[in-house]
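Open the structure in your viewer and keep the selection tool handy.

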Amino acid sequence: GAAQAKEAEFEAGRALSAADKNEEAVKYWEKLGTLESRMAIADVRFRKGEYIGAKGEYAKILADSPGSPYSAFAKLRIADCFYNAKQFLEAADAYTEVLKLYPGKKEYKEALEGLNGSYMRMDKPDMAKKVMEEYKDKYRKDENSEAMQYKLAMYYQKENKPKKAVAELQEFLREYPGSTLAASALHETGQAYERDKQPSKAIETYGSYNAKYPQDPLVKGLKFRVAEILFETGKFGDAASAFIAYRKEYPEGERGVSALYNAALSYKKAGKSAVSAGLFMEFLKTYKDDPRAAKVAFEAADTYMSAKDEDGAAAVYEFIRQNYPGQAGKAGVQLGNLSYKRNDFAKALGLFEEAEKAANETPEWAATALARQGECLERMGRTEAAIEAYQKIAGLGNIPGEWKTAAEKRIKRLEERRKAAEEAAAKAALEAVEAKAAKEASEKTGIPAVQVPVLEDKENEKKDK
């Protein structure tokens, strides 16, 4: 009767606890004072996260009943209290004690798991691996075996130790090929190879992933990543082919757009300018309003120039001027450069003047356009106009100081040249007047005019040059 009454009291407390009325349950159990009720009270404290209180309850049970059926579990729970309170060193010691005291008990398995976790949290992966190996030997079919292996690999990934990560991931894939984590492990292996600067291994691994899990959402991104790796490692021809293949399979979306641009850039770096220019132009026709379009246009023009197709480059620069006002100044300067190169200085001057106006919001290109105007005017013999162009540069704001200094040097050189020319002209005029006067005097007197030698002005001659 008394035993049955206590059992009923205990079950009443358990019912209250199940209804989340833990404090009422504890009051029932405190009245009983049995070993079972004391364990129930300690368990309530543990579930509520009151680890200090729970640890004390378990310790009292062990002290009062050291050989009871609850001893192994109480000892394990003390270790769990340390672990959950993030006292991992104390937890490791407590789990180790469970392993020593209860090798044949069911708590042994949980103690191995806790010890493995404690070592991982203390950044002792080598110790954790030893515990994991013992766990795998004893409980190879257990799902926690593969979880431990995977967590160890992920630890090495997080700590940027790719070689060790690859070793653990490969072991995982060998031992647990049917695991739900197998796909993730294969993907992580490819990333570890990338971190370990083994691009060919990464490409091979991603290829295996794509072949094994063709419907997986990661496949699309991995195919693009393979193309990127080929580009990054200088295999531009292969990269171009990979980007073209990607775009053919996935034409839509941001990566589809990028694949076209990257393919064009890859062919350019591979020295296939004609193919590259064609793809750049396809980009411009298809994605004229894309934020990258102006940059792509300049890439296209540069590619035409590399192929020595100046007319193709000029057409692209004109396209930029018409469609991307913010880049019209830069494009105009490049167009002017082409005319200047052909010695058509008048046409080049007009283009540089238009470029200066178009580049009013980009001082560096306005300054460049003015400098090129000055050079054209110099070649056309219009010194005063050239000086005015250079003076405008000196008055611009937001340009490097050395640009203004260069303009001032040009102005000074032109002014010196102008002064020397004026002095030479004045000297020539004076000589002409003197020669005329001498001739007239000779005609009147009949005495031949004497030619007075003029000393050469070496310094002025040097300046003129």
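Welcome to the tour; keep in mind that this is a predicted model.

**Stop one: two helices side by side**

Select helix H19 (residues 328-341) and helix H21 (residues 363-379). H19 and H21 are roughly parallel to each other, because their packing angle of about 20° falls under 35 degrees. Their axes lie 9 Å apart, and the crossing of H19 past H21 is left-handed. To see where they meet, show the side chains of Lys330, Val333, Gln334, Asn337 and Tyr340 on H19. Facing them from H21 are Trp365, Thr368, Ala369, Arg372, Glu375, Cys376 and Arg379. Colour this contact by residue type and you will find five nonpolar, three polar and four charged residues.

**Stop two: the nonpolar cores**

Next, select Tyr58, Val316, Tyr317 and Ile320. Within the largest nonpolar core, which has 90 residues, these four touch the most other members.

Apart from the largest core lies another one, of 21 residues, with Tyr340, Leu370, Tyr390 and Ile399 among them.

**Stop three: a lysine in a helix**

Jump to Lys136, which you will find in helix H8 (residues 125-138). Is Lys136 buried or exposed? Lys136 is buried, since its relative accessible area is 0%. Leaving aside neighbours within four places in sequence, Lys136 is in contact with Ser145, Gln149, Glu171, Glu175 and Tyr176. For a sense of distance, select Tyr155 as well: Lys136 and Tyr155 are 19 residues apart in sequence, and their C-alpha atoms are 18 Å apart in space.

Finish with helix H10 (residues 162-175) and helix H11 (residues 182-195), whose axes come within 9 Å and cross at roughly 155°. That angle makes H10 roughly antiparallel to H11. H10 passes H11 in a left-handed crossing. From H10, the contact involves Pro162, Ala165, Val166, Leu169, Gln170, Phe172 and Leu173. H11 brings Ala182, Ala185, Leu186, Glu188, Thr189, Ala192, Tyr193 and Arg195. How many of these residues are nonpolar, polar and charged? The contact of H10 with H11 holds 11 nonpolar, two polar and two charged residues.

Methods:
Residues are numbered from 1 along each chain as its sequence is written. This is a predicted model: local features need pLDDT of at least 70, side-chain atom pairs count only at pLDDT 80 or more; totals for chains, interfaces and linings use all residues. Side-chain values use heavy atoms; hydrogens and water are left out. Axes are lines fitted to C-alpha atoms, for helices over the stretch in contact, and angles run from 0 to 180 degrees between N-to-C directions. Helices (H or I, at least four residues) and strands (E, at least two) are DSSP runs, numbered from the N terminus. Angles under 35 degrees count as roughly parallel, over 145 as roughly antiparallel, 65 to 115 as roughly perpendicular and the rest as oblique. A crossing is left-handed if the near helix is turned anticlockwise from the far one by less than a right angle, and right-handed if clockwise. Contact means heavy atoms within 4.5 Å. Ala, Val, Leu, Ile, Met, Phe, Trp, Tyr, Cys and Pro count as nonpolar, Asp, Glu, Lys and Arg as charged, and the others, Gly among them, as polar. A nonpolar core is a set of buried Ala, Val, Leu, Ile, Met, Phe, Trp, Tyr and Cys residues joined through side-chain atoms within 4.5 Å. Buried means under 20% relative accessible area, exposed over 50%, partly exposed in between (1.4 Å probe, protein chains only).
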